[in-house]
Amino acid sequence: MIDLANIRTLAEKELRDALRNRWFLVFTIAFAGLALVLSSLTQPGGMNLRTVSYSRTAASLINLVLLFVPLIGLTLGAANLAGDRETGALIYLLSQPVNRVEVLLGKFLGIAGALLATLSLGFGLAGVVLSLRGGIQDSGGYLFTVLLAYLLALAMLGLGFLLSSITQRTAAALGGSLFVWLFLVFIGDLGIMGTVASTQLPIGTVFLIAVLNPLQLFKIASILVIQANLEVLGPAGLYASDHFGGFLLPLLIGGLVLWIFLPLLGAVILFGRQERLVQRGKTNP
Amino acid sequence: MIIAKNLTKRYRKHAALHEVSFTIKAGESVALWGANGAGKTTTLRCLLGVHAFEGELSVNGIDVRKRGKAARAAIGYVPQETTFYDLTVVETLYFYARLKKASVSRIDDVLTQVHLSPHNAKRVTMLSGGMKQRLALAVALLSDPPVLVLDEPTASLDVKAQRDFIHMVQSLSQAGKTIVFSSHRLDEVLALGSRVLVLDEGKLILDCAPQELAPRLGLHRWLRIWVPAEHKAQTLNVLGEQGYRFMPNGHSVYVQVSLSGKVAPLRLLESAQIPVEDFDLIDGELLLQGENDD
């Protein structure tokens, strides 16, 4: 039986820990600072000029999210359970009247709260500056992009927890998270480009391969929200627009939501089953 | 209060516990004795429902396998070395009180009980090892559980902290708590235990009173005595004449003593005007541990 009060207790502690975490503070300051700088670059002027400038700023913010959010989500998630396991705090926690699902969900929600607060701060500051400079043409679209960034952050955090639930050591979990980050951010894109260049895959297949990557889901959905079309993505974008029409955005959002729940479900199952990984260090009968 | 029937725990093909059965009545204080790797910690973790296991195990009438969380609610647990989160003493107790569904008003009571009230605002990272173990005991007592499970609770403490901790546990035992603890140390078992379960390579090989442990297992205490090099030969002669069993070792001599005769060799050397530079008491279990160390 899941006890929501235990989840809340654990989430509050994790939230407080995350807000005290130096690495997290550095990320918050860097993200908010860069978002502020990017929004300050919006040029005041005529309507057309402002529209172009807003699109550029929004695109820059999307790229900022694509780099920063997966990195912090993956590393915070990966370091959490593995760190507690390595210090022995996890076995002590599990010796209390709590169950493993409560522990995992409590920790996930606490860090998720801190991560979403950071994104809100960054996007909030950028939004204020853009508004003051008359740069926001579509406040609804801007807020929708923030919502998509939230979904991406939760998906990356869930993936981090999945890594954390299958590794014994913090260093291994962090190494794994950095590899996944590199794969999703750089290697995934290059791989698709290489595949397209070297094979004659149908454009629909290329698009489907691309959207297996949650970062691509976020990117395509954000561009769709800001620009209302996917011309900027070339033939694959045009294919998606033509093929899925009005269903494309809900499908992309659904994909992101799946990327939140599937890794988290995997983490819950693995954390619940692999008692070996609860112990500190090697198995010690 | 605690019933184990054919308790077995396997790590792949290796059986860390093999068909261990015992019953512990309410109010008993039972020691789990054995060398490293004997299965003491595994038994305690099975009691807590942290490990999956084969066989039957119940705590306070609760089936540990089916209702692990409820079983843990009936247990206060103190590990060998507790890792707390980076909180103050009071914050730590508040956090665990919420998880244990204990009244917040218990926090002051347990702080007083373990003599940590003057340190309640300190960060846990600033506490000494002894204070951390007392805090772990305070956490264990928050919900006033009927059973206390202690996993070598004094192993990492200095002598004074060990004594203080043992006194606290003795008073809890006298107050009627059921206590299960693991230990390597004969003096701890004698001070705290009303019964000893001896584990060896995952099997229960002996169930006896603490006083029977040393004779039944052939354990001895050894007094290590340092004497000046020029008096060493005389020391060995004097000890040999009085029938002591001894082993010279470098600048020191190990002398086998009975549990109640620790001082006698020192008095003997004093009467022979042999100056003793230093001495130490070593329990026989260290030799046992050395033989079985894994």
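I will go through the contact between chain A and chain B, and then a nonpolar patch on the surface of chain A. Keep in mind that this is a predicted model.

The interface first. Chain A puts 36 residues into the contact, and chain B puts in 36 residues. Together the two chains bury about 3000 Å², and 53% of that area is on carbon and sulfur atoms.

Now the polar side of it. Between chain A and chain B there are 14 residue pairs in polar contact, counting pairs with both residues at pLDDT 80 or more. On chain A, the side that touches chain B draws at least two residues from each of helix H1 (4-20), helix H3 (47-87), helix H4 (89-94) and helix H5 (100-132). H1 of chain A provides the largest share of that side, 10 residues. By residue type, the side of chain A that touches chain B has 12 nonpolar, 10 polar and 14 charged residues.

On to charge pairs. Three salt bridges are found across the interface of chain A and chain B. To look at a salt bridge on screen, go to B:Lys69 and A:Glu102, whose side chains meet at 2.5 Å, N to O.

Last, the patch. Which residues make up the nonpolar patch on the surface? They are A:Leu67, A:Phe179, A:Leu182, A:Phe183, A:Phe186, A:Ile187, A:Leu190 and A:Met193, and together they have about 790 Å² of accessible area. Helix H7 of chain A, residues 170-198, gives the most to this patch, with seven residues. A:Leu67 sits in helix H3 of chain A, and helix H3 also supplies at least two residues to the side of chain A that touches chain B.

How values were computed. Residues are numbered from 1 along each chain as its sequence is written. Chains are lettered from A and ligands numbered from 1 in the order in which they are written. This is a predicted model: local features need pLDDT of at least 70, side-chain atom pairs count only at pLDDT 80 or more; totals for chains, interfaces and linings use all residues. Side-chain values use heavy atoms; hydrogens and water are left out. Contact means heavy atoms within 4.5 Å. Buried area is the accessible area (1.4 Å probe) that two parts lose on being put together, summed over both. A salt bridge is a side-chain nitrogen of Lys or Arg within 4 Å of a carboxyl oxygen of Asp or Glu. A polar contact is a pair of N or O atoms within 3.5 Å; within protein, one must be able to donate a hydrogen and the other to accept it, and residues adjacent in sequence count only if both atoms are side-chain atoms. Helices (H or I, at least four residues) and strands (E, at least two) are DSSP runs, numbered from the N terminus. Ala, Val, Leu, Ile, Met, Phe, Trp, Tyr, Cys and Pro count as nonpolar, Asp, Glu, Lys and Arg as charged, and the others, Gly among them, as polar. Patches are made of residues with over 30% relative accessible area and no salt bridge: like charges are joined within 9 Å, nonpolar side chains (Val, Leu, Ile, Met, Phe, Trp, Tyr) within 5 Å. Accessible areas come from the Shrake-Rupley method with a 1.4 Å probe; for residues, only the protein chains shown count as cover.
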